[in-house]
Amino acid sequence: IPHPALSFEEGTQMSVTDDRGFTLHPIFCDMTDQELRWSSSASDIASVDNAGNVSVFKTGSCVITARNSFHSVETSVSLDIKLKAP
């Protein structure tokens, strides 16, 4: 039986240069339950909602993680945010 896998279409590392926000796109492999719990390692820099929509607030680095408890799998993407001064 193949082990379930979860990853992001965008990869594991992203550079962000503006505060427009974006949506992460999870890729599920062999998973019957596709419910995810999202988290940010630094919600003052960037936060993520229950749909994977990321809001960017200030320059810095953080990690966005999507976890599926049913299959005990998770994936993360590191964000390096460099906003220009207005």
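Biologist: In which order do the four strands of the open sheet stand?

Modeller: In this predicted model, the order is S2-S9-S8-S5, with mixed pairing. Neighbouring strands of the sheet are turned by 20 degrees against each other on average, direction ignored.

Biologist: Why are S2 and S5 said to stand at the edges?

Modeller: Strand S2 (13-16) and strand S5 (37-40) each have a single partner strand, so one side of each is left without a neighbour in the sheet.

Biologist: How do you know that S5 pairs with S8?

Modeller: Two strands pair if DSSP finds at least two bridges between them. Four bridges join S5 to strand S8 (residues 60-68), so the two count as a pair. They run antiparallel, and Trp38 stands opposite Ala66 in S8.

Biologist: What makes a residue part of the nonpolar core?

Modeller: The residue must be of a nonpolar kind such as Val, Leu or Phe, be buried, and be joined to other members through side-chain atoms within 4.5 Å. Buried means under 20% relative accessible area. The largest core has 22 residues, and Phe22, Leu24, Trp38, Val54, Ile64 and Leu79 touch the most other members. Strand S9 (73-81) gives the largest share, four residues.

Biologist: Which residues does Phe22 touch?

Modeller: Leaving out residues up to four places away in sequence, Phe22 touches Met14, Val16, Gly52, Asn53, Val54, Val56 and Leu79. Each has heavy atoms within 4.5 Å of Phe22, so each is called a contact.

Biologist: How many helices and strands does the chain have?

Modeller: The chain has zero helices and nine strands. Of its 86 residues, 34% are buried.

How values were computed: Residues numbered from 1 in each chain as written. Predicted model: local features only at pLDDT ≥ 70, side-chain atom pairs only at ≥ 80, totals over all residues. Heavy atoms only, no water. Axes fitted to C-alpha atoms, helices over the stretch in contact; angles between N-to-C directions. Buried < 20%, exposed > 50% of the residue type's maximum accessible area, 1.4 Å probe, protein only.
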